[in-house]
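Here are my notes on the model you sent. Please read them with the structure open.

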Amino acid sequence: MEQIGNMIGWETVKMVVGLVGVLAFVVLNALILTWAERKVAGHMQRRIGPKEVGPYGLIQPIADAIKLLGKEILTPRDVDKPLYYLAPMIIFVPVLVSFIVIPFSASLQVMDINVGILVILAFSSLSVFSILMAGWGSNNKYALIGAIRSIAQNIAYEIPLLLALLPVIMMTNSFSMRTIAEAQSGLGWFVFYQPVAFLIYFIASVAETNRTPFDLPEAESELVAGYHTEYSGMRFALFFLAEYTNIFIISAIAVTFFLGGYQGPFLPGIVWFLLKSYLLVFVIMWLRWTYPRVRFDQLLNISWKALIPLAFINLLVTGGLLKL
Amino acid sequence: MEKVLDLARANSIWPMTFGLACCAIEMMSSAMSRFDLDRFGAGVFRASPRQADLMIVTGTVTKKMAPVLTTLYEQMPSPKWVIAMGNCAISGGPFVFEGQYNVIEGVELLVPVDVYVPGCPPRPEALLEGFLKLEEKITGTRRFPGPENRW
Amino acid sequence: MVERIKTELGAALEGIAIADASYRERGYHLSLEVAPGELLNAARFFDERGFYLSAIICVDYREYLELVYIFSNHASLCKVKVSLKIDPAKPVAPTISTIFDCAYWHEREIREFYGVLFDGHPNMTYLFLHDGIDSYPLRRENIPVSDEDKRALGSFKPGEGEDTFFVNLGPQHPSTHGVLRVVLKMDGEYIEEAEPVLGYLHRMHEKMAENRSYQQFLPNTGRMDYLGAMSFNLGYVTAVERLCGIAVPDRANYVRVILTELNRLSSHLLWLGAYLADLGALTPFLFVFDDREQINDILEPVTGSRLTYCYFRFGGLYNDVDDAFVTGTKAFIERMRSRFSLYDKLVSGNVIFTNRTRGIGVITKERARKQAVSGPVLRGAGIPMDIRKSEPCAAYGEMNFEIPVGTRGDALDMYHVRIREMENAVNIIEQALARLPEGPIMTEKVPKKLKPPKGDLYHTVETPRGELGIYIVSDESDKPYRMKWRVPSFSNLMIFPELAKGNMLADAVAILGSLDLVIPEIDR
């Protein structure tokens with residue numbers, strides 16, 4: 001081990017181990033979240049979710065995954081082949097890159113880039129690309145309508161997202177995720193200083209990941225299944241996986257920026273981090289099963305007419321207060 | 001290896017929403033809180049045929065609907081199964097009379113059927129039993145003791 | 001009102017004999033026979049006086065075809081039957097779809113089932129049937145469809161425009177409407193035209209009625225509208241009883257009211273769940289099914305079925321209700337009242353829901369009259385008409401309830417009207433339970449093979465969706481000569497294309513949901 005370390009350099013070893021760990025975590029997280037979604041949905045709807053497949057239904061996601069792997073790989077005849085094949089693969093890139101800079105605890109972070117949050121935001125815009133490829137390449141009207149809705153929604157909500165994160169960056173004078181997490185020691189969590197920004201960030205990020213109440217791109221009762229209508233088997237599983245991992249990533253960013261990151265008494269940092277992140281994930285799932293869908297023009301109205309002005313005012317007030 | 005695949009497929013069958021007539025309400029009832037179908041892994045009713053494994057034909061198939069049904073069946077990727085629920089899907093039901101011109105007498109004339117669930121409409125428990133029979137057909141073993149084994 | 005109409009009609013159309021009909025036996029007050037040239041004048045007369053066209057029915061009497069038009073009034077009870085005889089070899093009649101918009105689809109249906117050509121009708125293509133049908137189904141003899149007829153009927157082709165494209169909503173839906181296909185011509189996210197295509201579940205109920213005796217047709221009634229099966233049962237049974245003059249004992253009448261109201265409650269509950277599922281909130285759907293299961297628990301020991309009830313018989317009921325039913329229903333009523341407050345908090349106060357439904361799909365009173373909508377849709381549009389009050393059957397005449405009316409005519413009003421109807425249903429059940437008399441449940445001496453006297457009858461009943469009209473022509477045998485079902489969802493769907501125009505796709509789904517359609521009853 002020492003010799004390998006000296007040969008290639010410790011940094012590289014750390015990065016490789018970190019990447020493997022991240023991949024393992026992504027898969028595990030997706031499994032847990034699919035199980036949790038069905039259980040949470042079940043209990044909110046006065047029934048129990050999966051129960052027969054293993055104790056408490058814990059093996060259910062594994063059964064789902066194996067089943068999806070074993071499905072026939074079907075390519076519809078008139079699809080645009082390069083776009084159709086690449087879309088599910090490209091949607092994973094922003095997800096994996098975002099995991100590199102998330103600080104799971106004081107020592108568990110693959111790489112602490114000093115413009116960490118900028119990396120995440122830049123790459124998350126790429127996911128719009130893959131949705132457009134999926135929608136266009138599927139040669140299906142529903143997929144196209146779903147994809148166009150999704151693009152408009154993503155573009156509209158990126159701006160409030162950014163504007164909500166800026167006050168925190170201004171307060172800590174740094175883009176690095178580690179620094180921001182460290183700056184909230186004790187009870188100085190930024191959610192107490194920036195409640196408006198937290199709310200705006202939360203709403204904008206739920207819209208970014210296409211979850212109800214903003215899930216028009218996958219509106220089941222209108223558009224069959226939105227932009228992934230024509231995908232089956234493993235390719236569909238990849239879209240599914242990417243969506244659940246995105247939910248975790250936005251919760252992780254919210255925890256790092258507003259809820260103190262991995263700081264907390266008694267328990268090790270990673271436990272606090274996972275606890276807080278999964279709490280936010282639970283809230284997002286709770287929202288899904290409670291609210292109806294917002295109509296498309298109302299969705300864009302919320303972003304352009306309500307969230308962005310509010311975020312701007314918040315930014316100005318923060319800037320003013322910091323100067324004084 | 002085959003056994004693991006079969007077990008996985010049987011435990012996570014995703015039905016497609018294909019409610020045609022009255023039996024559709026009983027199918028929805030069987031997916032609801034009292035007769036939860038999600039317990040067996042069949043919770044997620046996918047709307048797109050490309051992501052579904054099971055087509056539950058609930059209701060009468062008429063000549064105008066027949067091409068739609070076969071198109072949807074062909075769009076499903078294999079392995080796929082079909083449950084014919086209700087008398088109309090099995091053999092035309094109460095709508096077969098002399099001089100009838102629009103009802104297809106049984107969905108088996110269009111697609112291969114795996115399990116028949118009789119009734120007009122069948123109770124949700126009957127649909128659950130049909131579901132368990134389908135799992136038995138896939139894996140070879142039955143999950144709960146069946147009604148004939150009880151005494 | 002009837003006298004006034006009679007004198008005015010006599011003045012407007014000279015030379016036409018207007019006969020008084022016994023309302024109790026026939027279901028209409030006046031009947032007249034016109035020649036084809038006079039039909040438009042008669043239609044205009046009724047339009048000016050605020051009547052609506054309830055139904056257009058065609059009966060094949062072998063020597064001639066008779067077209068029967070039933071005009072009714074929202075404000076006061078006055079039904080007029082206008083009949084037109086046409087030659088069966090070359091059946092042609094004028095269209096009244098320029099005056100009454102709802103005739104548009106009724107005439108299309110008669111065209112494809114009987115071969116009657118309506119001149120002046122803008123669009124005589126297939127509505128229910130399709131290209132594989134070779135003869136006119138409801139004609140008594142097997143008259144083949146000529147080739148040019150086939151070409152004319154099958155010529156519906158959506159034409160693509162420059163910036164527009166077509167989207168099919170259905171026939172396979174994730175929502176629970178059933179097999180309805182709507183061809184939408186869209187310009188981006190906005191709808192320019194909507195054309196429903198029906199007939200995916202045409203199960204030939206009317207042809208079966210001609211081949212089955214009155215008793216044998218009873219199970220069919222439950223399958224037409226499976227969500228409101230009791231009310232269809234009630235309509236059929238009371239229609240035949242009226243035709244034959246059979247009196248029903250009081251206990252049976254009260255039990256009929258209780259069960260029909262329970263079914264109305266269960267149907268509206270399902271509508272609520274399905275509507276919210278369309279809009280994206282998936283959880284109330286499950287709460288609603290929970291309530292429905294409670295209702296099924298009460299109804300199943302009495303009627304024997306969970307969904308497609310066939311419980312009423314000619315002359316009464318087939319099974320008596322017992323004390324368990326009464327206690328169970330009382331417990332259910334208390335539980336249901338607390339559930340109403342739950343739904344109120346979960347749905348009525350939800351900002352997203354009100355934003356999605358306020359101002360969407362506004363129906364004005366004039367359009368409601370011309371398109372002959374009925375039921376909660378009519379009451380939401382502002383016209384306070386309820387057939388349970390104006391033409392009560394069973395024990396409805398003794399029940400005390402208010403008619404809920406909407407003010408704006410949009411989808412939110414329909415929602416509030418239905419919620420108040422649910423509360424009314426609970427009140428009616430309570431009143432009926434308190435007054436339930438003892439006694440027999442079935443009249444004696446009802447013949448096994450019912451042979452009603454010769455004549456026709458138009459009987460209406462209020463189902464959860466609106467006005468159900470049953471027109472029976474009897475020729476003294478034990479099978480009906482013709483039975484036509486005027487179903488509420490058919491008329492309610494007619495108003496959808498004009499409501500959907502100019503709206504977004506998501507709004508079209510909201511409008512379709514607010515009309516509460518059940519497709520098997522449209523397709524019959």
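1. Ground rules. This is a predicted model: local features need pLDDT of at least 70, side-chain atom pairs count only at pLDDT 80 or more, and totals for chains, interfaces and linings use all residues. Residues are numbered from 1 along each chain as its sequence is written, while chains are lettered from A and ligands numbered from 1 in the order in which they are written.

2. Make-up of chain C. Chain C has 20 helices and 15 strands (DSSP runs numbered from the N terminus: helices are H or I, at least four residues; strands are E, at least two). Its radius of gyration is 23 Å, close to the 24 Å of the globule rule for 524 residues, so chain C is as compact as a globular protein of that length. The radius is taken over C-alpha atoms, and the rule is 2.2 Å times the number of residues to the power 0.38. The C-alpha trace of chain C spans about 65 × 60 × 45 Å along its principal axes.

3. Interior of chain C. Of the 524 residues, 54% are buried (20 or more other C-beta atoms within 10 Å of the residue's own, with C-beta atoms placed from the backbone). Among contacts in chain C with a separation of 6 or more, 68% join residues 24 or more positions apart. A contact means C-beta atoms, placed from the backbone, within 7 Å.

4. A helix pair. Helix H9 (residues 250-279) and helix H10 (residues 283-303) of chain C pack at an angle of about 165 degrees, with axes 8 Å apart. Axes are lines fitted to C-alpha atoms over the stretch in contact, and angles run from 0 to 180 degrees between N-to-C directions. H9(C) and H10(C) are therefore roughly antiparallel (over 145 degrees). Residues making the contact include C:Leu262 and C:Leu269 of H9(C), and C:Phe285 and C:Ile295 of H10(C). By class, this contact has 15 nonpolar, two polar and two charged residues (nonpolar: Ala, Val, Leu, Ile, Met, Phe, Trp, Tyr, Cys and Pro; charged: Asp, Glu, Lys and Arg; polar: the others, Gly among them).

5. Chain B against chain C. Here 32 residues of chain B touch 29 residues of chain C. On the chain B side, H2(B) gives the most, with five residues. That side divides into 18 nonpolar, nine polar and five charged residues.

6. Chain A against chain C. This contact takes 21 residues from chain A and 23 residues from chain C. Helix H12 (220-223) and helix H15 (296-323) of chain A each give two or more residues to the chain A side. That side has nine nonpolar, five polar and seven charged residues.

Note on methods. Contact = placed C-beta atoms within 7 Å. Parallel < 35°, antiparallel > 145°, perpendicular 65-115°, else oblique. Buried ≥ 20, exposed ≤ 12 C-beta atoms within 10 Å, placed from the backbone.
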